[in-house]
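The sequence and structure come first.

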Amino acid sequence: MVLGSLSACSNENLVTDTQNTTQAKTYTVSIPATMGSDTRAVTFDNSTTPPTAVSSFTTTDKIYVYNQTKEQMLTGYLTPTAAGKTCILTGSITGTIAAGDQLVLLYNLTYYSSDKSECFFYYDEQNGTQAGVVDGAKAMVIASVDGNDLSSATASFQNVQSMFRFQFKSGENAVSVKSVEITPYNNGIALCYFPLKASEQYADLYGLFGLYVKPTSPTSGPIYAAPCINESVGVGATLTFEVVDADNKYYTTTKNVPAGGFVNGKYYYNAAPIDLGAYVLQLVKPTLSRSDGGDASKLAEAWSGRCFMIYSPSKSGAGATGITMNMSGTCTGY
C-alpha cells in the first residue's frame, strides 16, 4: 500500500516536471559574449601586415535567439550591456527552453520573424563606407535554466560575411566611383543569407546581379563592402567589377580571386588600386517623364547604374487607369 502510494506520487511529479520544461514562459537572460573580427564598430588598421579589422559590440545592437533543439524562434532580443570586444548580453525572451537546449544567437539580423525560414541577413545596396558595411554574426550556446533565469557559457560570435576594401584607377588616374557592381563567376555572393534554414541557406536570387555598392557621393577613396560568400558554391576563379564614375563613364575589368577562394569572416585588402583600364562607354541618360508626375526612374541606383527602374501605379482592377511614359533625347549604355 505504501509502495503504491509512492509510485502514484512519483508519476504525478514526473508529469509536472515534464510540463514545466515544455511550457512557454519569459526568461531573464545573462550571457557573456565575445565578438570575432570584421563586425560592427569595426576599426580598420591597414598599416599592419596583414591589415586587420578590429570589432566590438555596441549597446544598440540586437541579438535574436533561436532554440535549435525545440526548432522555435524566441520572442524578444538581447542587447550588450557595454561596448567592447567582450560584454554581457541581457534582456528578456519568451518561449520554450529546457536546460541543455542548443540556442543560436543571431547578431544584427536584418529581418526577424517568428518563422525561422523568413529570418535573414541582407547584403545588397551597400554605401561603401566603413560605418555602412553590412555585418552579421552568430553563436551557439547550451542553455542553463534556473527558474525564470537563463544563462550559458560564453557565446563566441563568428562572422557570416567577409570584408573587402578596394580602390580603382584608370592608368595613372584615380577613378571617382559613383557605383560599382561585383559579380562572381560562380554566382556565389549572397544577396540574402538565411541562417536557420535546414537547406538552401542562401536566397534563391543570390548572385543574379552581384553585390551592388553605391557611395552616397562619388569617391576616389577606399570603398568597403561586406559580401556574404556561399562557401558551398564559391565565387569561382574571378570577380568582375563594373564601375560607373562621377562623369558617367562605364568601366569593367575582371580579377583573379586569392588562392583557395574567399572565406567568410576574413578581411581582404587591395594594397594597390585596381586598374580598370580605359572606360568602355560614356553613358548618356535619356529624359524620362510620366503623366502622373511620379518618380520617373531609379536610374544609377541599380545594377551598376545602367538600368531603369520604372514604378507603375499600384492600383489594379475596376477603375484603374494607366499612365503615359515619355522618353526623349539620346540613350547610350543603359
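Lys70 is partly exposed, at 31% relative accessibility (buried means under 20% relative accessible area, exposed over 50%, partly exposed in between, with a 1.4 Å probe and protein chains only). The model is predicted: local features need pLDDT of at least 70, side-chain atom pairs count only at pLDDT 80 or more, and totals for chains, interfaces and linings use all residues. Residues are numbered from 1 along each chain as its sequence is written, and side-chain values use heavy atoms, with hydrogens and water left out.

**Salt bridge**
- Lys70 forms a salt bridge with Asp101, with 2.7 Å between the closest N and O atoms (a side-chain nitrogen of Lys or Arg within 4 Å of a carboxyl oxygen of Asp or Glu).
- Lys70 sits in the loop between strands S4 (63-67) and S5 (72-73) and Asp101 in the loop between S7 and S8, so the pair ties together parts 31 residues apart in sequence (strands are DSSP runs of E, at least two residues, numbered from the N terminus).
- Asp101 is buried, at 5% relative accessibility.
- The count of salt bridges is 1.

**Ala99**
- Ala99 is in the loop between strand S7 (86-95) and strand S8 (102-107).
- Ala99 is exposed, with a relative accessible area of 57%.
- Leaving out residues up to four places away in sequence, Ala99 touches Ala143 and Val145 (contact means heavy atoms within 4.5 Å).
- The C-alpha atoms of Ala99 and Ile142 are 7.7 Å apart, and the two residues are 43 residues apart along the chain.

**Cysteines**
- The structure has 0 disulfides (pairs of cysteine sulfur atoms within 2.5 Å).
- Cys87 is buried at 8% relative accessibility, and Cys119 is buried at 0%.

Conventions: Helix = DSSP H or I, 4+ residues; strand = E, 2+ residues; numbered from the N terminus.
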